[in-house]
Amino acid sequence: MHDQIQTRLLRWAGIFLLIQSTILTLAPAVRERSWDVDYRFSHWIGFIAWAVFMTAAHRASIKHLPERDPYLLPAAALLSGWGLLTIWRLDEVFGLRQTIWLGISVTVFILAMVLPQNLFFLRRYKYVLLGGGLLITALTLLLGTNPLGVGPRLWLGCCGVYFQPSEPLKLLLVIYLSAYLADRINIRSSSLSLLIPTLVVTGVALLLLLVQRDLGTASIFICIFTVIIFLSTGRRRLLFGAVFFLALALFVGYFFIDIIRIRVMGWLDPWADPSGQSYQIVQSLLAVANGGTIGRGLGLGSPLLVPVAISDFIYAAIAEETGLAGTIGLLATIWLILARGMISSLRAADRFRRYLAAGVVTYLGIQSLLIIGGNLRLVPLTGVTLPFVSYGGSSLLTSFIALFILLVISNLEDSEPAQLQDPKPYTFLAGLLALGLATCALTTAWWAVIRAPDLLNRTDNPRRAIADRYVPRGELVDRDNQPINITEGESGTYQRVYLYTELAPITGYTHPIYGQAGLEATLDDYLRGLQGNPASLLWWDRLVYGTPPPGLDVRLSLSLALQSKADQLLGGHNGAVILMNAETGEILAMASHPSYDPNKLDEEGESLSQATNSSAPLVNRVTQGLYPIGTSMLPLIRANFGETQPTDSDLKTYYQKLGLYQAPQINMPVAYDTENPSAYELRVSPLQVSLAASILSNHGMMSVPSIATAVNTPEQGWVVLSTAESRPVEVIQAEAANEAALSFILEGKPFWSHVGQASGSNDTVVTWFLGGTLPSWSGAPLTMVVTLEENNTFLAKYIGENLLDAATSR
């Protein structure tokens, strides 16, 4: 029965990894959406080696451990194979190295089974084994190195072959504590004379690890020591004492050890420095968020954006490409090893084996929780590896030796379990480990599902830019379908091209470094294909390609003919121009100067972001510029109050009806005066003024502005974008509006106009032009506003009249 169960489970693990290998091979074709690509084949070396080694381990276990637990080897085999293929996917060089280490680890595992399985020699030579481990670890202080060339020197070796002594030292501590406590039957937590040797030896090991700055291993040592003493005494206060000690060490280390301070700060507030000291944890969380529920797909994510993804952050790499579903499977497999290990501990034939099995479970469980919790910001980063999964020969070899110990202990044959007076400590330990893994699963769900939308929309998320290289982004076109912003290239090299650069403050940009701005940001869901496509298409592309479908084109209300005229008239002057359909709210032209060239963001982005407030080319002055109101509103005041001079309170109430105290409802970045000043101190945007002025050209009615008018869907073609809030509202009576417009008529012209000025800060002057078609105009009613950041009434009037002439003559 044991053999059949193990055979069946190993076969399922092999099928899972075979499917994973096949998907990795086809991943380039899926990403490029083309069969003409360079396929991946190198990882098949790892899969074939895994299959050979695990077959040999399976046969050896059947022969030498006939009554072993049949779940342990398949679970460890699945984890090691999963980790191996993930490493091959991330880095082929390290994948080959991990394959060699897997061969060494499994060979040692098999040789250990061939030898007599009596663990008595571990108990007998506990001092020699732990002393040798401490000595070898101490050698790193003199001969230690770091394969990366930077960081703590925790490895011994050279010529590309390195070994980390602190990895097996954890297991040696478990062996020592299990053997020592098994010989003391009546030990209690108050038996200091019996506990002192363990305290001294553990203290020496901790001191050595602290000198090495191997803080993760030191934390695991404290946990192992505490748990095994707890199992032998049953005193829960030991656990609380260990938690207090770890918290105290963290507190002291925060003030005296730089690496602890950096990691604690990154843990408490990673968003404070997302591109600096907290870069690793922020990118890890972005990877988990990017994975979502089902993952981006094997080979289709961007896990290499997370530093050290093959080792410290391999959980985040797996989460990005297999999603919440994959990580739950991974956590469940880890729990299977821990649970079966605890069962083996309870069924052990003697106290030594019982402590040893529980200690091994503690080592594997605590180390797994520390590294997974670090990836998920549950605990500070510790830099340890995920057993069986992460890259690292020392870790993999130690994990397989731990697996061997559990298999031997589980191989009861005809022996009876040793007497256990109080099983509660073991139950409590199992519950803590299960709670830890469940917490990891829930936290993964939190980042992958609940927080994912916010995280993925962050401007420092480079995965969006990477996806844009493989999926064409929709175009922005004007009202006559003339292109404004387009996508050029082919899959893998798509890039955004901005054809009409003067519109940059309005249409914005999408860039891998500087994020998004303008309409490129507010219309991103349509342009990226996340909105407007059928739900079935979104689901299919997400499942197969790990990306949205091709983006949708969006039609703007702008007319490039009028837009070009507006930009030409405004020229090199700082200011804004807006021409709008007073009845529908559609914006026909919107100019903001100075502008910039978004095609040159790679070269000029840094200088643009540091531009002074006076130039501010990135700001859309029409919707985000706030200017003093001055005498610009005279036609609107006369329309409502006639020749009467209104009080500040009456004027403020009127301005509130005109929408000057609130943000305009339009799908682009806007600004409004939030300080709620008096009517005479109010600052407004040209867009707000244009909406207010539209009542003189539209019989007292004011509409909601719009600039994105339609989206080109794959099923229905161009679909109009409209909302229920787009209906015009009456602000004043039609007769009053018409009379006011006629009183500002420009002789010989089919429109009314007014030029006003206002004093700004630092003795600056702002010049306003307000104008629009007359009530008797037979065409579409128009209104326009010109705002100049200078004292120039002639230019403001010239721009306004010429643009209105061009618009009314069309």
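I45, L96, I100, I104, V108 and I401 make up a nonpolar surface patch of about 470 Å²; such patches are made of residues with over 30% relative accessible area and no salt bridge, with nonpolar side chains (Val, Leu, Ile, Met, Phe, Trp, Tyr) joined within 5 Å and like charges within 9 Å. Accessible areas come from the Shrake-Rupley method with a 1.4 Å probe, only the protein chains shown counting as cover for residues, and a salt bridge is a side-chain nitrogen of Lys or Arg within 4 Å of a carboxyl oxygen of Asp or Glu. Helix α4 (residues 92-114) gives the largest share of the patch, 4 residues, while I401 belongs to helix α15 (residues 393-410); helices (H or I, at least four residues) and strands (E, at least two) are DSSP runs numbered from the N terminus.

This is a predicted model, in which local features need pLDDT of at least 70 and side-chain atom pairs count only at pLDDT 80 or more, whereas totals for chains, interfaces and linings use all residues. Residues are numbered from 1 along each chain as its sequence is written, and side-chain values use heavy atoms, with hydrogens and water left out.

Strand β9 (residues 575-581) is largely enclosed by the rest of the structure, because 7 of its 7 residues are buried, that is, under 20% relative accessible area, with exposed meaning over 50% and partly exposed the range in between. On one side of β9 lie G575, V577, L579 and N581, and on the other A576, I578 and M580, so that both faces are covered. Its pairings, which require at least two DSSP bridges between two strands, are set out below.

| Partner of β9 | Sense | Bridges |
|---|---|---|
| β10 (residues 587-593) | antiparallel | 6 bridges |
| β19 (residues 782-788) | antiparallel | 7 bridges |

Within these pairings G575 stands opposite H593 in β10, and L579 stands opposite M784 in β19. The hairpin formed by β9 and β10 has 5 residues between the strands, and G585 in its turn has a positive phi of about 85 degrees.

Q757, in strand β17 (residues 751-759), is partly exposed, with a relative accessible area of 28%. Its side chain makes polar contacts (N or O atoms within 3.5 Å, one able to donate a hydrogen and the other to accept it, with sequence-adjacent residues counted only if both atoms are side-chain atoms) with the side chain of T767 at 3.2 Å and with that of N791 at 2.5 Å.

Key. Buried < 20%, exposed > 50% of the residue type's maximum accessible area, 1.4 Å probe, protein only.
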